[in-house]
Amino acid sequence: MNLLGKRSVTDAQANLVFTRRRIVLGGAQLALGAVLAGRMAWMSIFDNERYKLLAESNRVNLSLIPPRRGWIVDRFGKPLALNRTVFRVDVIPDRLHDQDKTLDYLQATLGFNDDDRDRINRDIEKAAGFQPVQVADRIPWEKYAALSIRAPDLPGVQPSQGFARSYPSGAAVGHLIGYVGAASAEDYAASKDPLLITPGYKIGKEALEKTMEPILKGKPGARRSEVTARGKLVRDLATRPDVPGNTLQLTIDGGLQDYAARRMGDNSGAVTVIDLATGGLAAMVSMPAYDPNSFSDGIGRKEYAALVGDDHLPLVNKTLHALYPPGSTTKPSSALALLEAGVDLNQTVFCGGGMRVGNAIFHCDKHHGSVNLAQAVIHSCDIYFYTMALRFGATTLADMFRKLGLGAVHDLPLQSQRYGTVPDPSWIERKHKRPWAAYDTVNMSIGQGYMLANPLQLAVMAARLATGHGVEPHLVGPARAGHDLGLDPRHIEFVRQAMGNVVNGGGTAAAARLPIPNVQMAGKTGTAQVRRITMAERAGGVLSNSALPWKQRDHAHFIGFAPVENPRYAFSVVVEHGGFGAAAAAPIARDTMTYLFAPEQAMKTLTTLEQGWGGDLTTRMAAKAASYAPTPEPAAVPADPAASDDRPAPDPLPPEKPA
């Protein structure tokens, strides 16, 4: 009954509404329960393996074991690059909670200097956050153990045991072997290989270590370790060992390589030796050089600055990358070209000390009088070669120079080589947009003007003069037979005997005679001008090399082979700004060849020399780095346009000085 005009709800209606809501809510709960039950069933039955792996990863840490790099050995199996067991400490930038505080503790514990700390900070800034940064390598066991105990309280610090690259010969093999280092962020971005960010793993960064990386790197191992929730190691569960890289055997004679590097003393230049029996490079030395152990361990700022600031350029591989005018070392090649072109051996040219070409006079070092071809090689008479080059033409010489290896690159497992220049009329037209001139031929005939070659090319030229075959230098693999050059054996023998007399028959290189009974060496000196001598200077007296700044002194060259009668080794020696080839380069060649035939005698000579130099190579390098202090750059001096390398130098060229 509706007394107030309002509708009333009966008990039956209220019960109906409640029941309906209960059914809806119950259905929703039942549906939700079914969904949860289904999901649980899916996770526990169908997705079981995935969650099992996730749970396992919380308990088990999986890590890669860096592989040991393959050794690099010389022809006798002597190691040039090997691995030593070391203890090391790395930091992972992303995991460091307080970088400065952590490095303070590590510096106090490990005792590294501020220079090393600067290097660590720079590496952390450059590294990707996940990339390990080396703090210290080859630390004592006691310090390694102390850090291992505290590792759970030092987030981002990773003490580890591994292998470090070691180079027993140090700087003697720096430019040949190269060095290893941690992969950069760019390296990882290019390959996404997790091995590259594994602490302790290093890749080749330079020279053979870089180019032969696929052979040397090996295959990584793996380790499964049980850890706590804080990452503390409980136990190792399983380990798969790494597979070491392959051993790389070179044609290099390690003892000879070391000796030649030491014998260079404090000079800048290169020594290259080729074994004529195999074509293999027995030595390839560029000095000064860097110690690859320093780079592989993480070089300090001061030591690196000393290398960069050195005007002798220890970071440049001069054997392959430096170019020099070959000077009179090309005279035997010019002689061979003239022989092949039909020159009369008995025809003489009068040398009065000078020869006019156009409006310029080209000089010789002395008045030789009448000389034939053999005498011109033995006494290094410029006038003879000026005259004959003008008669037979520049192309005759250029073709022979190229046939003997100048202007060529060779199949070596190294990153690059420089070609040098063998000019001819077509080259001058293409390069300088002018016709070939007589003074170009005159300059070319004695290895000056636009002629440029690297020390390897000079050694190849000597090897081909010695054998008459197209010797191809190599560093790896079996012997290679040189191809036929199509040269008359009688002409090769003539040049060989003439070069023998340069050393042993009263020629310009008496200082190169071997102190060994029944073993003679053949050779040819070269003194390459690097500056223009004006007529005014010549009128007042040409300045001696000792009176000039180092960079204005002549380059000293010597090429040759030994023994004369049955050549086994050919070589080139280049001493940058060393002065006369007979005085600076020839003695180094003599002692280097003596090592091959009488090593004990050669070592006695070297020991005496090093005592006068202030110690062995390692000692002198350490002293030089320790005393390094940057000096302000001198004010720039405007260049003399007349001294430009791109201009002909019609003024008389520097003479070849006899020993």
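**Stop 1: a buried aspartate**

Select D275: with 1% relative accessibility, D275 counts as buried. Buried means under 20% relative accessible area, exposed over 50%, and partly exposed in between, with a 1.4 Å probe and protein chains only. The model is predicted: local features need pLDDT of at least 70, side-chain atom pairs count only at pLDDT 80 or more, and totals for chains, interfaces and linings use all residues. Numbering runs from 1 along each chain as its sequence is written, and side-chain values use heavy atoms, without hydrogens and water.

D275 sits in strand β11 (residues 269-275) and R75 in the loop between β2 and β3 (79-91), so the pair ties together parts 200 residues apart in sequence. R75 is partly exposed, at 24% relative accessibility. A salt bridge here is a side-chain nitrogen of Lys or Arg within 4 Å of a carboxyl oxygen of Asp or Glu. Helices (H or I, at least four residues) and strands (E, at least two) are DSSP runs, numbered from the N terminus.

**Stop 2: further salt bridges**

The whole structure holds 23 salt bridges. Select D242 and R68: their side chains meet at 3.1 Å, N to O, in a salt bridge. D242 is in the loop between β9 (233-240) and β10 (248-249), and R68 in the loop between β1 (60-65) and β2 (72-73), so this pair ties together parts 174 residues apart in sequence. D242 is buried at 12% relative accessible area, whereas R68 is partly exposed at 29%.

Then select R69, R165, E209 and E213. A network of salt bridges links these residues.

**Stop 3: helix α16**

Select K331 and D382. Their side chains form a salt bridge at 2.4 Å, N to O. K331 lies in helix α14 (residues 331-341) and D382 in helix α16, so the pair ties together parts 51 residues apart in sequence. Both K331 and D382 are buried.

G393 follows α16 and has a positive phi, near 95 degrees.

**Stop 4: a hairpin**

Select strands β14 (residues 354-357) and β15 (residues 360-363). They pair in the antiparallel sense over 4 bridges; pairing requires at least two DSSP bridges. V357 has A360 in β15 as its bridge partner. The hairpin leaves 2 residues between the strands, and G358 in the turn has a positive phi of about 65 degrees. On β14, M355 and V357 make the covered face, G354 and R356 the uncovered one.

**Stop 5: H555**

Is H555 buried or exposed? H555 is buried, at 6% relative accessible area. This residue is in strand β20 (residues 555-562). The H555 side chain reaches the backbone nitrogen of H577 at 3.0 Å.

**Stop 6: Y304**

Finish at Y304, in helix α12 (residues 301-308). Y304 is partly exposed, with 39% relative accessible area. Beyond neighbours within four places in sequence, Y304 contacts F295, I299 and L315; contact means heavy atoms within 4.5 Å. Y290 is 14 residues away in sequence and 9.2 Å away in space, C-alpha to C-alpha.

How values were computed. A polar contact is a pair of N or O atoms within 3.5 Å; within protein, one must be able to donate a hydrogen and the other to accept it, and residues adjacent in sequence count only if both atoms are side-chain atoms.
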